[in-house]
Amino acid sequence: MYTVEHIGIAVKSLEQSDPLFSRLLDASPYKHEEVLEQGVITSFFQAGQAKIELLEATHPDSPIAKFIDRKGEGIHHIAFEVKDIRAEMQRLKEEGFQLLQEEPSIGADNKWVCFIHPRSANGVLIEICQTIPETELTVKHGLDL
Ligand code: ZN
């Protein structure tokens with residue numbers, strides 16, 4: 001049902017890690033994107049059907065800065081693509097998982113995202129994500145105008 005959409009890796013410096021992962025995957029990142037809400041700049045690589053998302057903190061209070069302070073660089077989260085994020089959030093709640101948010105938020109790469117507390121999943125931060133349908137994007141842009 002779920003497919004792995006991407007693996008998030010916390011890094012201290014995209015300037016250093018972009019070339020490293022470019023050599024590793026033999027491909028350049030296909031985009032960089034800042035997510036203000038999470039205090040990160042992300043760098044995306046395609047790796048087969050999944051992606052690698054490198055995450056660099058933009059300020060010391062960013063969850064990524066705190067993660068690196070505690071654990072050092074490394075795998076930060078695993079993201080699974082779902083078809084209906086609200087339905088999955090409801091299902092996971094009923095299954096006893098502790099969600100970190102009540103409503104989906106807007107993540108990088110045109111996605112709705114929701115995180116599940118690592119306490120609920122053997123110490124692994126899990127993200128579920130859903131590609132924002134184009135119709136909703138149109139509505140949003142409409143409101144912005
Ligand atoms: Zn992610």
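Trainee: At 11% relative accessibility, does Asp 109 count as buried or exposed?

Mentor: This is a predicted model, in which local features need pLDDT of at least 70 and side-chain atom pairs pLDDT 80 or more, while totals for chains, interfaces and linings use all residues. Residues are numbered from 1 along each chain, and side-chain values use heavy atoms, without hydrogens or water.

Asp 109 counts as buried, because its relative accessibility is 11% and buried means under 20% (exposed is over 50%, partly exposed lies in between; 1.4 Å probe, protein chains only). The residue is found in the loop between strands β6 (105-107) and β7 (111-116); strands are DSSP runs of E, at least two residues, numbered from the N terminus.

Leaving aside neighbours within four places in sequence, Asp 109 is in contact (heavy atoms within 4.5 Å) with Tyr 30, Lys 31, Glu 33, Phe 44 and Lys 51. With Lys 31, its side chain makes a polar contact of 2.7 Å, that is, a pair of N or O atoms within 3.5 Å, one able to donate a hydrogen and the other to accept it; residues adjacent in sequence count only if both atoms are side-chain atoms.

Lys 31 is partly exposed, at 26%, and forms a salt bridge with Glu 33, their closest N and O atoms being 3.2 Å apart. A salt bridge is a side-chain nitrogen of Lys or Arg within 4 Å of a carboxyl oxygen of Asp or Glu. Glu 33 is also partly exposed, at 23%. Another salt bridge joins Lys 93 and Glu 102, at 3.4 Å. Through shared partners, salt bridges link Asp 109, Lys 31 and Glu 33 with Glu 5, Lys 51, Glu 81 and Lys 111 in one network.

Note on methods:
Helices (H or I, at least four residues) and strands (E, at least two) are DSSP runs, numbered from the N terminus.
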